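Student: I have a new structure to look at, and I would like to learn how to read it. Could we go through some features together?

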Amino acid sequence: MQANTTRGFLWSDIETKTLLNIWGEQDIQTALDGNFRNSFVYRDVARRLGVMGFERTPEQCRVRIKSLKRQYLLAKEGNLRNNGQYHKICKFYEIMERILSNRPALDPQELIDNGAGGEEAGDGLEEDGEDAQDGYSESTGEYPYPAETEVKLEYPTVPISVPLKVTVGDNMLDRYYSLSSTSHRGMDDDFLSLVKSIVPPLTLKKHKGQDGRIGIIGGCQDYTGAPYFAAISALKAGADLSHVFCTKDAATVIKSYSPELIVHPVLDSPNAVEEIEKWLPRLHGLVVGPGLGREDLLLNTVKEVIEKSKPRDIPIVIDADGLWLITQQPSVIQGYQKGILTPNFMEFTRLYEALHHEPMDSSDHQRSVLQLSAAMGNLTVVLKGEHDLITDGSKVISCSVMGSGRRCGGQGDLLSGSMGVFAHWAYAASAAGMFRSVNPSLVAAFGACSLTRQCNSQAFQRHGRSTTTSDMIQEIGSAFKKLFES
């Protein structure tokens, strides 16, 4: 990964906020509370910061945090004496307050007596009970672990990467993917950190629609539940507005499910493309396919809407019968980098064999998903299954958040609807420079997969065999908080 080489320079605001978000995560704080030696914790902080695109040593991370704690404690002491106005001297006071308010009480005088110190000064890892030999060696790159720790974090072993030859037509592409099963936990942690970083904060200064206006294209006479599940999941995941573009005979039914949805009965009208196109400038993302059906009239309309949407550069999630359209006409979305396909195994197999004109090797799902993504112009592909496999053609990540054995209809709609929201957040965060060298679609896909699986697990714990997607939707709020706001 091409990192943002920031060693030796002052910390930018965005880099500092990213560091604090990582340092404030529950597992990091727990490890800091439970260990006298904490150099190995800051090695993990530096690693996670590197995933976000900022290259810093463990020592730099630790010194920066120590400096920020000093500023915070000075400000907090001043607040007690000056009616709460002194916090203005600490730029990141609110963030530090949120994190440190849950930590054991610190002695302000102890830190103040140690001196403010320079952020890049030699405030080495030997302090706070850390021995010199326990530090990070820049010359060798080695990370010697502490001999004894009371609370341990799980760290991934270095994954073994091997070249994978992916044949697409007459072209031979080199791809790499990890063969180390022990890397999943670390990968999950890295991407969970990325997802946390894109979630917009809830403040009083926002206006309606700012956190996402998502359009769901689907819904016909026979299938009214799917677009509802996708649209309501988008809202409950954090979107402000959710539009459903459906056929006329499905509109009244879908409206009856929820007054929160904006329902447009235009999908089968003679001027359907024009009716939907006028809404595109207001939308931050599209989810195409839930409850769409396979009538040629509807599929042709959807094809034209996708073509009209691509120049607007908005993310497009394609699921269910939208994938049937792509199987017939892959060029509709081929090469569009903000496109995300979410097939189950049957849909994946059908699309793979349509593109490659040969049977798929079902024994190697990682290879197959890489090949399909490459054939589609490096679109992000999410192969749903026991472990969701996510790729953009250059790497495969696995979402292994625990779900359950219950497989009721509608779970894929929860996934696609929430993915539309995460995609908007991920691309907005990327445009703001919050992370580099990571495909925003991968972050969005991992977030939606994690949320769906967590909802499934929580609903199953309550309802067991009788679990339905409606039960899962009721879990979105608590599952979101547990995964991304803890």
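Student: Which backbone oxygen lies 3.2 Å from a polar atom of the side chain of Ser-416?

Tutor: The backbone oxygen of Asp-413. A polar contact is a pair of N or O atoms within 3.5 Å; within protein, one must be able to donate a hydrogen and the other to accept it, and residues adjacent in sequence count only if both atoms are side-chain atoms. Residues are numbered from 1 along each chain as its sequence is written, and side-chain values use heavy atoms, with hydrogens and water left out.

Student: Where does Ser-416 lie, and is Ser-416 buried or exposed?

Tutor: Ser-416 is part of helix α15, residues 411–431. Helices (H or I, at least four residues) and strands (E, at least two) are DSSP runs, numbered from the N terminus. Buried means under 20% relative accessible area, exposed over 50%, and partly exposed in between, with a 1.4 Å probe and protein chains only. Ser-416 has 0% relative accessibility, so it counts as buried.

Student: What is Ser-416 in contact with, leaving aside neighbours within four places in sequence?

Tutor: Contact means heavy atoms within 4.5 Å. Here Ser-416 touches Ala-230, Val-287, Pro-290, Val-317 and Asp-319. Also, the C-alpha atoms of Ser-416 and Gly-289 are 9.3 Å apart, although 127 residues separate the two along the chain.

Student: What polar contact does the side chain of Arg-56 make?

Tutor: Its partner is the side chain of Glu-15, at 2.7 Å. Arg-56 sits in the loop between β2 (54–55) and α4 (58–81), and Arg-56 is buried, with a relative accessible area of 3%.

Student: How do I read the packing of helix α1 and helix α5?

Tutor: Axes are lines fitted to C-alpha atoms, for helices over the stretch in contact, and angles run from 0 to 180 degrees between N-to-C directions. Angles under 35 degrees count as roughly parallel, over 145 as roughly antiparallel, 65 to 115 as roughly perpendicular and the rest as oblique. Helix α1 (residues 13–23) and helix α5 (residues 93–100) have axes 10 Å apart and an angle of about 10°, which means α1 is roughly parallel to α5. Lys-17, Leu-20, Asn-21 and Trp-23 of α1 meet Ile-95, Met-96, Arg-98, Ile-99 and Leu-100 of α5.

Student: Which residues other than glycine have a positive phi?

Tutor: Among them is His-357, with phi of about 55°, in the loop between α13 (345–356) and α14 (365–375). His-357 is exposed, at a relative accessible area of 71%. Another is Asn-378, with phi near 65°, in the loop between α14 and β11 (380–383). Asn-378 is partly exposed, at 25% relative accessibility.

Student: What is the mean pLDDT of the protein chain?

Tutor: pLDDT is the predictor's confidence in each residue, from 0 to 100. The mean for the protein chain is 80, and 77% of its residues reach 70 or more. Over residues 1–8 the pLDDT is below 50, and pLDDT stays under 50 over residues 107–184. Where pLDDT is low, the predicted coordinates should not be read in detail.

Student: How many helices and strands are there in the protein chain?

Tutor: The protein chain has 18 helices and 13 strands. Of its 486 residues, 56% count as buried.
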